[in-house]
Amino acid sequence: MDTLLLSRIQFGDTAAFHILWPLMSIGLALYMCGMEVMWLTTGREQYYRQARFWAKIFVLTFAIGVASGFPLAFQFGTNWAAFSAATGSFFGNILGFETTIAFTLETVSLGILIFGWHKVPRAVHLLANMGVLVGASISAFWIMVANSWMQSPQGVHLEKGIIAVDNYRAAILNSESLTSFAHMWVACVESTLFLIAGISAWVLLRVARLRAGSAIPVVETDTLRARHTFFLDAFKYCLVLMIIITPLQLVVGDLSGVLVARLQPEKLAAMELHWDTNAPGTGAPWSAVAVPRATSADGTGGNALALEVPNGLSIITTHSADGTVAGLNSFAVDDRPNTAQAVLTFYAFRLMMLIGVVLVALMLLGLWYWYRGKLALDAVLVRPNFLRLWVWAIPLGFIATEAGWMVREIGRQPWILYHLMRTSEGVSSNLSAPVTGVVIVAITLVYLALVSLFIYFTARIVRDGPDLSSRLP
Amino acid sequence: MTATLLQNVWYVIICAELALYILLDGGNLGVGILSLLPQKEEERSRMLQILGPIWNANETWLLVAAGSLFGAFPLVYSIGLNALYVPGMVIVVGLIGRAVAFEFHVYTERKVWWSKIFGVSSVLVALGQGMALGGLLSGITIAGKQFAGSVWDFATPLTLLITVGILCSYLVLGYAYLIRVERYANEHESFGHLLRYAVLTFAALLLATIFLPQTNYLFFSRWSTPPAMYALWGIALAIVAVSLWVGWELWHKRHPERLYFLCLGLFVLGTAGMLVGTYPYMLPPTLTIADAASAPATQQFMLWGIGPLLPIILAYNWYLHRIFRNSFVEEK
């Protein structure tokens, strides 16, 4: 294999893995921040216990996030030297901002957040907690700025193959960056809320099974009941936050889609498998499912099979029944995603949307149960199927995020810097394919080990449960 | 500001960030490495506890320096890492291992395992840094604005010497750090270890310094043409003097605090010597500060974005170190 393909595999591999952890770090930091604020304002101990307990899992997500972030930062130099050399003036600058402005704040705050409970005043500790949240969020902001700029490189021009920045404001606040950051940040929070709720449901489900399995009524000590209540509380806090977050994500996601239609018509055509531009006076259909036929000799293609909603795509993207939507065949074959890439983005996009809707439905179901009084401890423990639903939902947010990133990155191909630089022009010179291959295998093995260990340790932390009796700071 | 001045300001900032990384995290990295040497597991756990609250923040300076380098001197970042792919990946694997092993160690019952992984990862980070520095000083082949050598170019005899020197010097810092922090239990042995590794460091890096001018004419002329030669010989003299002072303190086994700072001083002197020897080259023997710099507009923008924040960042780092000064934390 050539080093271009290997470098792409390596980057895709490491990025897909890395994204999981900041997702949880940001979400957990927000949750802990909320809990600590509630503790300081109401003085109720239960909030303090929540903040302490979930911090244990936060530490793991943070450590793995940092660890898996190193290869990404280094790879820009090692594998994408030509891209880095050409875009360093802006792209490198932004990554420099990320480490200097965001990461320093986050790591220092983390030290105090984890080890400072009995060492600093409560208000300082809350500040540290906020420092972690703000640091992680700013970090995500700069990364999204850098990536959005790759999608819509505004405020710059190429000069002898090197980027020259004309307008920093335009480059940083390009048309994509704020919407993309919002979409990603909300995804972080949403995925984590379903993680916390799912973990809590898992604990309750185990209790429910235990109760159902024993012939005589189980006598539970107060400590045990307090522990179950702890997880039920966590479940409810998440549910409250979901009321805002899950519908918000549908709105922000829609905004994101509208932007793609406006700024990257090739990507839109690919993720909708829309081949031929609709003739004036007719509407472009929206396909729910589509299978493309083999590409013709000239590179053009079409669908062999499609389940279509007439005029759907025109209505969604142009808000008129016969608005023109450019099809894949109207772009030069070398300047747009190929058929395989289009199919990947098409299904990834549908998967993401479907999950977004499912999560809203799940939120509504939870609220309905709550409203009907079925979320009292003894009531919820006799409803294992309800709990099971939430355990199954744990991976959904993560899958949706990965799918969204696939649409975003694969849909941008063949460009590394949209319409300015091709991916094939960005790769390092004189890399060794065997060495790169070994690195990919090694890193993937390490990553698999890390995921397994994370699940193992998280399961243990959850099984051991919260410490409900230690001295308050 | 003129372009040249800006470039030099950024050069100094990045060197300062790297120096901060060595000063703050060098001891922590050293402790990680020496935790591998035979000792009781409780002792090892105590070592990790000392590092707990601070090491993450300390290690961040390496990333900060890398980030600044990417923005201010993109060619160094791209060509340098492209050429030093193998050392770079060794460092990455080490950093990954350190980050996760540290946290897993807290939760696991198999402490031995994870402290071993932490130790081995720390060794990898030190080795990778030695290999990278060795590869850099051995010279990087550049054609046009691209790396034109092979990924194995870094592997030279010089690199071997420098790698041994770097590894041993981190051990020196590690022992000095332990002796200082909490009147480390094995204090008496530590003085002996420290001395041994200090001698090894000195020998390896001295040999490397003698070797260096032979690999590259640039370095030879530095030792023989003013004004660089005055600075270099001055730094060499200072290193000898401070080394003797360290030896004196070790012999009398006292002043843990002073000992630690003397060792740090040696590190700073060595780094300064290297910088004087290579300035204005960033990737010897071809790429200079001016060649590698990004556009003045970028450097200026970055300076405005980051410059005012640096004092604030230093302030909260200082606060963190003050809270956890000389303490080791039982609870997590």
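Start by selecting Asp25(B), Glu59(B) and Arg98(B): these three are linked in a network of salt bridges. Keep in mind as you click around that this is a predicted model.

Color helix α5 (residues 85–107) of chain B to see where Arg98(B) sits, then helix α1 (residues 3–34) of chain B for Asp25(B); the pair links distant parts of the chain, 73 residues apart.

Hop over to chain A and select Arg350(A) and Glu272(A). Their side chains meet in a salt bridge, at 2.5 Å from N to O. Arg350(A) lies in helix α11 (residues 339–371), while Glu272(A) is in the loop between α9 (265–271) and β3 (286–292), so this pair ties together parts of chain A that are 78 residues apart in sequence. Check the surface here too: Arg350(A) is buried, with a relative accessible area of 10%, and Glu272(A) is buried as well, at 6%.

For the last stop, pick Arg412(A) and Glu409(A). Here's another salt bridge, with 3.1 Å between the closest N and O atoms. Which of the two partners is buried, and which is partly exposed? Arg412(A) is the buried one, with a relative accessible area of 4%, whereas Glu409(A) counts as partly exposed at 22%.

Note on methods. Residues numbered from 1 in each chain as written. Chains lettered and ligands numbered in written order. Predicted model: local features only at pLDDT ≥ 70, side-chain atom pairs only at ≥ 80, totals over all residues. Heavy atoms only, no water. Salt bridge = Lys/Arg side-chain N within 4 Å of Asp/Glu carboxyl O. Helix = DSSP H or I, 4+ residues; strand = E, 2+ residues; numbered from the N terminus. Buried < 20%, exposed > 50% of the residue type's maximum accessible area, 1.4 Å probe, protein only.
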